[in-house]
Every structure is written in C-alpha cells, then in structure tokens.
Amino acid sequence: MRRIALVALAVTLALAGCTDKTGGKGGESGKDGRRPATVDGVPTSEGTHKQKLDVGTVGHREYLLHVPSKVADGKWKDGRPADRPALVIALHGGLATMAKMRDLTGFDKLSDEHGFLVAYPDGFMTTWNAGDCCGAAKIGKVDDVGFLGKLIDKLTGAGLADPRRVYVTGFSNGAGMAYRMACEKPGKVAAIGVVEGALVTRCDPGRPVSAMIFHGTADGNVPFNGGGDRDFNDKRPFPPVSDAVDFWRKVGGLPQPRERVKALSGDTRCESTGKGERGVAVTFCRIEGGRHQWPKEASPMLWSFFAAHPRTGT
C-alpha cells in the first residue's frame, strides 16, 4: 500500500511539472506570454488536429485544423498569437473528405513555410450545398454557409486568426461552395480560390471579393465553356467559367483580366484585372488541356494571391 502511495505521489509530481514543448502547462490562461494548450477549446500545438463544431443542430460538424510551428512556437500575448495569422479554409470536392483535401492540396507544407492556419472542413455526406449543387447536402438543404461562418467566427473570435485575412478555396463542389461563401458572407471572406468549379447559386454580395479561378479546358465534369448536368437530379447545364470571371470583376468595378501573371506551369495562362479601389482583384488561370483535377501549381499560386489580398475597410 505504501509503495502504491509513493508511486501515485511520483506520478502526480511528474504530471504537475509536465509542459508542452513551448513551455505552456495547458489550460487557457497564457497570461505570462506562454502559449496555452487550447484557446476556446481549440488546440494550439503544432500539427493537425481533428475538431468538432456545434452548429446548433442534431450532431456536430467536423474539421481538421493545421497549426504550423511558426504559430505554435511564435510570440504569444495574453493567451493569443501576438501577430494573428491568416486562415485558409480548404473545401473538398464531392464524394471526398477533409482528409483527402488535405492530401490533395499540400496546404500543410505551405502553412509550415508561411505561418498561416489551414482548416479542412468535412461536408455533409461528402457534399456541399453550393446552391444548385450537390447531392445530399443540397437535397437536405444543409446550412453549409452557416457552418463555415461559425467556423470562421470560432477561430477569429478566439483570437487565433486574423479576421481580415480569411480565405476560402475549394475543388469542384467545394469550389462552388467557395463561391457561395463569397456571395453570402463577403464580410467574412477576403478572397476565394476556385478550382474546377461553377457559380451555381444566386449571388448578390453587396461588396467585392477577390477571386482566383483555375479551370481546365478539357474538364469533362464542369465543362470550361458550360454544359453537363448540375446534379444527378438537375439536368440544367453548368454556366461557362467566363460567366463567373465577369461576375466577380464587375462586382469589383474591375476591367477585363489582361495583366499577365506568372504561372508555375507552362500549360497555364493566368491574367489579372489588377487591383481596384478596395484592393480587390480577379485572376483567371486557363489550363490548356487541363482536366477535372487539382493542378500541382494551384496551392502555391493561391497562397501568393491570398497573401496579397487581405480584406480592407469595414
């Protein structure tokens, strides 16, 4: 019995002295300049963390959050990053998952290099309600705008991300969802990155949002010049990608995109409108022969675009 008591005391003392690698002892105070283990329940240590978010309905929604060492091991003040990092939200395509989007994009590596947070949310039954598309999320009228809005509020409200540098990107169905977020939550989103997606939702944002759009000329799922079926139960064609480019540049009062932007692939031609009055721009990247896939150059080019286009004004 005495031996058990001594062992228990030793364990207690050891645990009391445990710290994470940045010196924090857990909890959420961080008042001494050290990083707390969590902030509003969100882990702050380096790595990728699976999280749940209460959205006020039955069950919960999930997302992966990647925290780079530049944030975890950086300066902290009053339990928050002294310099709040940007946040990139990456939305998977239809019939995919948050884990697949993480693997597909390689944003973790860019996050580690540049010091921004990345969130990979999970859609409803592998789909997003992007308006006229797609699948279970559309049929169930799932409030994905509400979910992503709460995710943004969670991370910016906790002081873990800069509310003026929140960016949403997506592939295919996730790209359509990025459009919808810009349409309905332009005050929360500084810029969007669209890869092989279509604007298939009513859109009246009321303020401009920067957009970088990638589309392959040989995409058979979401055809470059329009066509195909919007969903399994909606035979209306997708609009051409040029419609989305024109829409967002007109919202921003921008000219035709004619300024050449250096692409990382010889098959890709990118042109920009240049920045307008609010610092907003639209860049369109045409991928010759590109199919329905995430281009290797997309992620680094998107981050460069995002970094250059924070939200300005109120």
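Trainee: How many bridges join strand β3 to β4, and in which sense do they run?

Mentor: Happy to start there. This is a predicted model, where local features need pLDDT of at least 70, side-chain atom pairs count only at pLDDT 80 or more, and totals for chains, interfaces and linings use all residues. Residues are numbered from 1 along each chain as its sequence is written, and side-chain values use heavy atoms, without hydrogens and water. Strands are DSSP runs of E with at least two residues, helices are runs of H or I with at least four, and both are numbered from the N terminus; two strands pair if DSSP finds at least two bridges between them. Strand β3 (residues 47-53) and β4 run antiparallel, and the bridges joining them number seven.

Trainee: Which residue of β8 is the bridge partner of His66?

Mentor: Strand β8 (residues 117-121) pairs with β4 over four bridges, in the antiparallel sense. In β8, the partner of His66 is Val118.

Trainee: How many residues of β4 are buried?

Mentor: Buried means under 20% relative accessible area, with exposed over 50% and partly exposed in between (1.4 Å probe, protein chains only). Strand β4 spans residues 61-67 and is mostly covered. Of its seven residues, the buried ones number six.

Trainee: Why is α4 oblique to α9?

Mentor: Angles under 35 degrees count as roughly parallel, over 145 as roughly antiparallel, 65 to 115 as roughly perpendicular, and the rest as oblique. The axes of α4 (residues 107-114) and α9 (residues 298-307) come within 10 Å. α4 is oblique to α9 because of their crossing angle, which is roughly 40 degrees.

Conventions. Axes are lines fitted to C-alpha atoms, for helices over the stretch in contact, and angles run from 0 to 180 degrees between N-to-C directions.
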